[in-house]
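Dear colleague,

Please find below the structure that I am handing over to you. My findings follow directly after it.

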Amino acid sequence: MLSGFHDWSERRETDYQDLSLEMIDRLGYKWDNFAPTWTLAQQVADIANNRGDTGAPVTNAAAGTIYPAPIVSADDAYYDASWATRRSRLPACLMTGM
Amino acid sequence: MTSDLSVSATAYLHENEGQGIWFTPYVSPFSFGQGGPNVSPISVRTTEYDMNRAGALGSATWILGDHTIEGGFWYEYNDFNQDRRFYANTRAAPRPTLEFMRNPFATQWSYAYDFETTMFYIQDRWDVTDALTVSGGFKSVTVDMAVDTNIAGFVAPTSGSNADLDGTITSEDNFLPQIGFTYELADNSEIFGGYTENMRAFTLAPAASQTQSGFDFIKENTDPESSKTTEVGWRYRNGPFQGVAAAYYVKFEDRLLGLLRARASSATVGDQERRKRDDQGR
């Protein structure tokens with residue numbers, strides 16, 4: 001007898017930003033990463049680079065060096081972080097004889 | 001073939017790929033000569049793996065009087081890769097966050113692993129009387145893990161240098177016995193017992209974040225973890241009630257502990273005993 005199997009799974013998820021107690025006090029319980037607001041994420045990255053907070057080169061000096069309130073750090077939020085995608089495929093065949 | 005002999009064979013493939021992502025302002029394409037007026041200072045950092053394994057299982061069972069004799073094998077080849085990569089975005093739009101990232105502008109580290117697993121076993125179940133069944137057998141296991149460094153510290157390491165980790169670590173035990181019995185006290189009541197020896201093959205840990213000298217040291221000074229388990233117990237069923245009371249004693253040998261010093265390493269920290277009694281009913 002011959003049997004065939006095919007197991008398949010795909011998982012996509014977006015993670016919440018890690019919050020410290022200080023961040024919850026300052027930013028609130030509902031604080032999270034910037035996605036889908038790409039412009040704000042880039043504005044904060046530009047300011048962080050201009051301030052020397054990231055070590056990455058300055059590419060938009062016009063953004064200045066003052067974070068928009070209530071942000072005080074390049075680590076308050078990122079654009080996004082996740083275990084974005086995991087995909088698994090498992091085909092198998094089983095043969096039995098008597 | 002007669003009705004006393006049956007055989008079974010299974011072949012399988014398994015592909016599994018995953019990426020953990022972080023949109024980071026700390027690593028910029030501009031630092032890698034990949035900048036431009038439309039390039040965003042934010043890149044996507046991934047921790048990604050890609051596994052492709054193929055294997056086969058086979059067994060044959062022979063019924064001979066009161067004995068049921070079974071022998072079999074398992075073979076698997078696992079091609080496993082782990083990488084840390086960076087992907088660029090444009091000023092206009094970020095990459096879709098829930099799609100696989102492709103075409104990186106930089107790779108911080110990349111390791112290729114190959115796992116080869118070979119296992120044989122043979123066992124006999126002997127129905128001594130209607131109430132008493134005794135079983136025994138052993139397995140032989142070998143797992144070879146080979147590691148090769150593609151990229152370390154954003155560059156392909158100089159061949160033969162300490163950063164160019166390349167090697168194989170083997171976990172092998174050719175005699176891992178298991179014996180057991182069940183004895184039926186009544187239709188709804190049974191006592192059981194067993195003794196099992198087992199081994200946990202080395203995984204990625206001896207090679208993770210290692211140099212050649214660190215890997216060689218671990219290979220020279222550690223053994224795979226192993227265990228010897230003895231257990232006895234009683235099962236009981238009455239109407240909707242099922243219960244089991246069991247006690248077990250496990251002797252672990254060569255327990256491994258990961259230590260973080262100037263760099264990561266593994267050390268054998270010795271043996272451990274574990275005793276417990278489980279009583280549960282539902």
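B:Phe181 is partly exposed, with a relative accessible area of 30%; partly exposed lies between buried (under 20%) and exposed (over 50%), with a 1.4 Å probe and protein chains only. This is a predicted model, in which local features need pLDDT of at least 70 and side-chain atom pairs count only at pLDDT 80 or more, while totals for chains, interfaces and linings use all residues. Residues are numbered from 1 along each chain as its sequence is written, chains are lettered from A and ligands numbered from 1 in the order in which they are written, and side-chain values use heavy atoms, leaving out hydrogens and water.

B:Phe181 belongs to strand E6 of chain B; strands are DSSP runs (E, at least two residues), numbered from the N terminus.

Turning to the interface, 42 residues of chain B and 38 residues of chain A take part in the contact, which means heavy atoms within 4.5 Å. The two chains bury about 3400 Å² between them, 56% of it on carbon and sulfur atoms; buried area is the accessible area (1.4 Å probe) that two parts lose on being put together, summed over both. Of the area that chain B buries against chain A, B:Tyr26, B:Arg91 and B:Leu98 supply 19%, more than any other three residues.

Four salt bridges are found across this interface, each being a side-chain nitrogen of Lys or Arg within 4 Å of a carboxyl oxygen of Asp or Glu. A salt bridge joins the side chains of B:Arg91 and A:Asp46 (2.8 Å, N to O).

Yours sincerely

Technical notes
Helix = DSSP H or I, 4+ residues; strand = E, 2+ residues; numbered from the N terminus.
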